[in-house]
Amino acid sequence: MKKTLIFTFGLLISVSCLAQIPAYKDKNLSVNLRVKDLLSRMTVEEKVGQLNQVNGGVLTGPTVANDPGAAGKMNLLRQGKVGSFLNVVGTEQTLAVQKEAINNTRLGIPLLFAFDVIHGYKTVFPIPLAEACSWDLAGAQNTAAIAAKEASSAGLHWTFAPMMDVSREPRWGRVMEGSGEDPYLQARFAEARVTGFQGDLSDNEHVMACVKHFAAYGAVEAGKEYNTVDLSRYALWNYYMPSYKAAVKAGAATVMNSFNILDGVPASGNGYLVNDVLKKKWGFDGFVVSDWASFGEMIAHGYSANETEAAKQAIMAGSDMDMESQVFNKTLVNTVNEGDVPLARLDEAVERILRMKFKLGLFDDPYKYHDAEREKRTLLAPEHIKVARDAASSSMVLLKNEILPLKKELKNILVLGHLSESQDDVLDFWKGQGDHKNTVTILEGIKAKYPNAKVSFVKTCTRDGEFIKGSEKEIKSLAKKADVIIATIGLYGDLAGEARALGNLNPPAGQMEMLAAAKATKTPMVVLVQAGRPLILTDVVKEYGTILYTWIGGSQHGNGVADILAGDVNPSAKTVMSFPASLGQVPVYYNHYNSGRPHSDGQEGPDHFWVSRYRDIPNEPLFPFGYGLSYSTFVYSDLKLSKTEINKNETVTVEVKVTNTSKIDGIEIVQLYIRDLVAQPIRPVKELKDFKRIMIKAGETAVVNFELPAVKLGFYDENGDDLLQKGAFKVFVGTNSKEVLSADLELK
Ligand code: BGC
């Protein structure tokens, strides 16, 4: 068999030679043969070059004519020492740089251009955490596809998304990039986004996805960026791994190491994670890129003595490409030549990267992603803006409601707060190429929605939330004539994202003063909260009757808000992170274990002293996972299972009736949870296993069915192998993780 392959390979190479083109340039040959042929022509230096990813920026053109940094990077490229650039964007730049790679390097190997397209490229969609609150998988697939369409039109082949880090840590600035605290939901969004970004990668309208950050970055201690992770393997497999696994199974082309340690070993040099789990156990056939400089940072971790050792540890653990630390570029040629790193391992890493370049079709048409005309007509296309508007309104969570929707014939509206009018703050750190001037603020959204009303605005607070003295007077006089006050509190946009950990999650004090001044006028009032993470709203909830959590909605934030306020969109989103009642509770999440001494809020007296509780704050979050209101009201009844006992090959049908008892059509997200009552190891008090997002017309009852196969009752052991244990289960269906109906099920 092997001989035949070698013979075929030899034959094909010579056939191609006869035709005078090297076999790797011959479209008619298989990718494998082309990769092998190219590899056989490469020097060790050129091979190491393919593993080197460099932060580009602007590399060519008049603005960098005398920039030694840019010139140095271009020289590196010409020597065959760059396999990929990140942060080179736009057709003009990417085309010019790709031409250098094709025409002025020895083998003409095309480059990969990568960029963080996290929630849109030029058209910016809601932050991923917000989008996940829509529970709309098709919607998320679509926004990822549009983001890919725009990014690819601007010369990019690769996005560093989706981030699939489950997290229970609102202090961590990066929760905005993920899909919340639940492994099941995170996994479904992983599949949707990978599919949306990549398609089948054969055309020029998709980009490679990158599953990050592998692994368990969402578990950083105390929510502090770049911090330690210390986890049991059991928690790793059951909470953190399912989403990465789902993304890999969905065909993600690349995976990124995380910055954290696991079992005392930095993820970049962690052979258990990369070699054993990702490549062997899951059969991942793409390539693994470091996080920014994370190979070199193994020295600061105290894991590597120097750059040579760091590079060796990274590549031997299975990591393939070095983003920006340059340790491969500086040391790997020597270590390979000295036999310290086997050539076979270097070859394997190079093959993985080349295979992707072939798969993208770059060897056959290296310029297929660089078409200025296409870029022009694709970016901010009207149909993309329309999707951004719908995505914004379907991601906003109505937490409390006394007065919405507002009447259409409002005459006078008072809008308060810096965040209501700030274009800067509807975008965050990960805004891609999103431009503030293409955004719609809340004030603009309201003005457009109520063209006949007088809309006045008082800034009241600074960007940091400090109260602007004297604002009370203005508020008082304007509020007299206003039908409604709309006041925005929260955090400015750039406080969401990487390196934005926070130790205080309360809205700024000045914003609370603003709300108090508005409340004193007795004019009806809506509070909008804008932030990239759940804030602590205990005081706000106590005082104010109508609260809409808008997150950070992207380009169309203001229109999304206005659509909900006016009732043109009936809110349907449900939070995918629990809202803490107090910072002391963090981390607080729905799928916790019961403990040996469980306690429920409200249980008092001597029997409830030596139990798992705080003496000064509640156990329960302010709003639980899965919570969110609608202008419709839904009543759940008649939960039925098709059988009360199943064996491991069977499926039970779970049926529930959901009635829309209101006068308005609405979307309800019906959630199915289970609890495995007795298990070894123990299981959480609730686990999401399925959900349905359905429109129910006013006054109608929907009969909702879930197919629950026995395998969904299973979980993972500490090695990531499947466990399915017989015994008693509870099945819950409800409108959030707390308010549920329940039924009993036995697994035989
Ligand atoms: C982040 C990654 C990101 C990379 C490239 C890192 O600092 O952790 O998520 O993809 O930079 O910008």
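**Exercise 1. The cavities**

Sort the lining of the largest cavity by residue class, then describe the space and the residues around it.

Solution. By class, seven residues of this lining are nonpolar, four are polar and two are charged. The model is a predicted one. The space in the largest cavity comes to about 110 Å³. Its lining has 13 residues, and those closest to the centre are Gln50, Gly80, Thr105, Leu107 and Ile109. In total, the structure holds four cavities of 30 Å³ or more.

**Exercise 2. The second largest cavity**

State which residues lie closest to the centre of the second largest cavity, and find which helix supplies the largest share of its lining.

Solution. Step 1: the second largest cavity holds about 80 Å³ of space. Its lining also has to be counted: there are 13 residues, with Ile118, His119, Glu131, Thr143 and Arg193 closest to the centre.

Step 1: helix H6 (128-132), helix H7 (137-153) and helix H8 each supply at least two lining residues. H7 has the largest share, with four residues.

Step 2: sorted by class, this lining has eight nonpolar, three polar and two charged residues.

**Exercise 3. The nonpolar cores**

Identify the residues with the most contacts inside the largest nonpolar core, and list the contacts of Met241 outside its sequence neighbourhood.

Solution. Step 1: the largest nonpolar core has 130 residues, and Phe85, Phe214, Met241 and Tyr549 have the most contacts inside it. H9 gives the most to this core, nine residues.

Step 1: set aside the neighbours of Met241 within four places in sequence; Met241 is then in contact with Phe214, Ala215, Leu236, Leu273, Val277 and Trp282.

Step 2: another core lies apart from the largest one and has 47 residues, including Val48, Ala314, Leu360 and Leu362. As a general background, nonpolar side chains tend to be buried together in soluble globular proteins.

**Exercise 4. Strand pairing**

Work out in which sense strand E26 pairs with E18 and with E25.

Solution. Step 1: strand E18 (residues 645-646) pairs with strand E26 (residues 740-747) in the parallel sense, over two bridges. In this pairing, Glu645 stands opposite Glu746 in E26.

Step 1: strand E25 (residues 727-734) pairs with E26 in the antiparallel sense, over eight bridges. Here Gly727 stands opposite Leu747 in E26.

Step 2: the link between E25 and E26 is a hairpin of five residues. E26 therefore has a parallel partner, E18, and an antiparallel partner, E25.

Definitions and conventions
Residues numbered from 1 in each chain as written. Predicted model: local features only at pLDDT ≥ 70, side-chain atom pairs only at ≥ 80, totals over all residues. Heavy atoms only, no water. Core = buried A, V, L, I, M, F, W, Y, C linked by side-chain atoms within 4.5 Å. Buried < 20%, exposed > 50% of the residue type's maximum accessible area, 1.4 Å probe, protein only. Contact = heavy atoms within 4.5 Å. 1 Å grid on protein atoms, 1.4 Å probe; cavity = no way out; pocket = protein on both sides within 12 Å on 5 of 7 lines; lining within 4 Å. Points joined across faces, edges and corners; volume = space filled by probe spheres on them. Nonpolar A, V, L, I, M, F, W, Y, C, P; charged D, E, K, R; others polar.
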